[in-house]
Amino acid sequence: MENNTSRRDFLVNGLLATAAATATGCGNNPFAPEETVALSGEKVKLLSVDGEIIEIDKAFLKPVPHMPPLTNSEERKGIEGKKFVMVIDLARCKNLKKCQEACNHAHSLNPGQNWIKVLSMQEAEESAPFWQPTTCMHCDEPPCVKVCPVDATFKRQDGLVLIDSDRCIGCRFCMAACPYSTRVFNWEEPILEEAVAAQPYSCETSMPQKIGTVSKCDFCPDMARMGELPHCVTSCPNGVFMFGDMNEDSVTNGAETFRFSELIKDKAGYRLMEDLGTKPSVYYLPPVSRNFPYESGLENLSPADKQSH
Amino acid sequence: MENSPSLTKDQIIQDLLPQKFGKLGMIWTYSLIFICLIGAFAYYRQLSKGLVVTNMGDYVSWGIYISNFVFFVAISLVGSLITAIFRLSNMKWATPLTRIAEIIAVSAIVFASLIIIIDMGRPDRMLNLFLHGRIQSPIMWDVIVISTYFVISLLLLYLPLLPDLKIMIKFKERSSNILNKLYLFQGSFWRGTAEQFKISERAITILCITIIPVAFSIHTVTSWLFATTYRPGWDSTNFGAYFISGAFLVGAGGVVVAMFVFRKFYKLEKYITEMHFEKMGRIVVMLSLLYLYFNINEYLVPAFKMKSGEEAHLKGLFSGEFALIFWFAILIGMIIPILILVFKKGRKPLPMFIAGIMIVIGAWFKRYLIVTPTLLHPFLPMQDAPAEFHHYFPSWEEWAIAMGTLAGTLLVITFFARIYPIIPIQETITEQDETCMSLPPTKRHE
């Protein structure tokens, strides 16, 4: 057994050495520090592959891209084996808008653009008002995808509906078709930080935004690929948003994890506008036994909405 | 011509050959050019700053560009009505009107395509429609049928023009050198042999048959851009027929206006007679009643039920924010024209002209009402969005561009009427001969 391990190590090292030798074009020891690296004197602790804590100079750390860049066709295909779902617990929402803040920040949205809208809802005059965070529904029968003439908005096998802003022609038919008014248009040149603007567009990060194209909530598949939760989920202090995988039948808000089917059954989860046949991927839990009174959210109303209240 | 059998061939040619514009014609043309230039400047601003120069927002994401587009597609349908439907049903009296109808159709469809490009956020990516086109999108259907309709309409304009080009080439002292070169380029191959006439006739008949389903398609598909969505006010199975009936009405109204103007300024009283106005008047009444019928269907049935989604929309139209435009469009676009034209006295040229203008203006506002109010009543409340998104009134750039395209359409028609005979010369001669029966059939086409 031991012999085996050392043999594999040897093989790996040998391969690395060969690769390094090929790359640098000379027979230097690949483990010796490169000559150009100036030691900073600052040490960092790292966990080695063997589980030991080692200390190395900071200068040896090289920035590694988070993810190998995905091709457009990989982004259009989706994450294999997943079927993303979101559950929004209306009993926990008090219109804090932390979700919106985090989302806008993470996606460098311009003022006035909100992918998440927290709506003040009241079904009838005598019924109780409640706060309803609204994301893209990532419908299984997406009306927006049906009407897009150029396949700029598309449905993936993991259930997500995303936008290719490099392809969108800006006809805005999808905005007319979406019954949830979830889509946002870039009416003018988006103001972006240089680092963001310089990136190539990715359908998974939905960044950088481009003038004359449509954008919307993307369920943060870039975070999912890193095994992390969407920004709205992690930023909500009240655990309103639960995100997960239908195939695993589990959703989590980071602190609590639920079996999706049981949660929906126990709390009578529902989807918006079921009668339209759009089959959303977002489920709502009704605002019963609430954590906060509706009124506690009023102070956070946006100025434009304050007038109508 | 039925009621002017004394015209000689030479007189017909002299009367109908294109004439130089007078002072009024020049003022008209330069005014149109001026309006187009303002529109072009506004579009330049839009290209450099983006659609932010418009007052559209994330709720009202389609504004007067789209309603103008619907208006253009609607008015262009008249080409198929007068050229094809009348021709196939053997309504010979309409012959002098065919070219007027067809040039309205062609220029309107050109500007329909233009305004839809103007509405695009990324006109630079237009080729994506061909590189990545997806056939299940109604927009692709529109691209296909509109381009087909354009080609057929252009052919229906061109083929009957060939014999007239020959006449114009013969009378070359009437036109400048450049125009004569144009006539030669377009029509020198036409010798007017019996065989050429036979081929041309056959082609025109085939085109007339094909253009009818294509015409129905362009406006039905245009209505589906709305009807395929879920929104109150658009989600209607009535929409295709409603749009087509409205299209024939506005087109016929447009033709009546053009008839009056050409008759007056080109002194065509002998060719566009009171009989033509009388008959067009009856047709316009019928079309107005038809459109009124579909309007009643479109508004009364949902208003009877008042589903909660429709309620805000319908109340906005009947008595709310849009009531003034709504009743204006219904009255001026249908009711008053019907009241004028049901009476024999109302079917004289001047009242017809006034009714025609009313119909066209009413129709333009009707298209605005079809597009905008619906978008202001989404399913979920309009919140967490900038306050200016809660209302819509077009910006000056939008007005300038919309008016620029309307002026452009009129400009194309004006130029056409300056360059080509607006009433088909050869067909008028042929029909005169047929009516007189004074010549043996073999000589008719000479």
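Predicted model: local features only at pLDDT ≥ 70, side-chain atom pairs only at ≥ 80, totals over all residues.
Leaving aside its neighbours within four places in sequence, which residues is Ile82(B) in contact with?

View 1. Once its neighbours within four places in sequence are set aside, Ile82(B) is in contact with Arg87(B), Ala94(B), Leu97(B), Thr98(B), Ala101(B), Val255(B) and Met280(B).

**View 2. The largest nonpolar core, a set of 212 residues.** Ile82(B), Phe226(B), Met280(B) and Ile422(B) are the residues of this core that touch the most other members. Helix α11 of chain B, spanning residues 239-265, gives the most to the core, contributing 16 residues. Another core, of nine residues, lies apart from it and includes Val85(A), Val87(A), Leu263(A) and Tyr283(A).

**View 3. The interface of chain B and chain A, which bury about 3900 Å² between them.** Of this buried area, 57% is on carbon and sulfur atoms. In chain B, the residues that lose the most area to chain A are Tyr230(B), Leu380(B) and Asp384(B), which together account for 21% of what that side buries. The contact involves 44 residues of chain B and 52 residues of chain A.

**View 4. Salt bridges and polar contacts between chain B and chain A.** Three salt bridges are found across the interface, and 31 residue pairs are in polar contact, with both residues at pLDDT 80 or more. Asp384(B) forms a salt bridge with Lys97(A), in which the closest N and O atoms are 3.0 Å apart. On the side of chain B that touches chain A, α6 (128-131) and α7 (138-158) each supply at least two residues, and the largest share, three residues, comes from α7(B). By class, that side has 22 nonpolar, 14 polar and eight charged residues.

Technical notes:
Residues numbered from 1 in each chain as written. Chains lettered and ligands numbered in written order. Heavy atoms only, no water. Contact = heavy atoms within 4.5 Å. Buried area = accessible area lost by both parts, 1.4 Å probe. Salt bridge = Lys/Arg side-chain N within 4 Å of Asp/Glu carboxyl O. Polar contact = N/O pair within 3.5 Å; in protein donor to acceptor, adjacent residues only side chain to side chain. Helix = DSSP H or I, 4+ residues; strand = E, 2+ residues; numbered from the N terminus. Nonpolar A, V, L, I, M, F, W, Y, C, P; charged D, E, K, R; others polar. Core = buried A, V, L, I, M, F, W, Y, C linked by side-chain atoms within 4.5 Å. Buried < 20%, exposed > 50% of the residue type's maximum accessible area, 1.4 Å probe, protein only.
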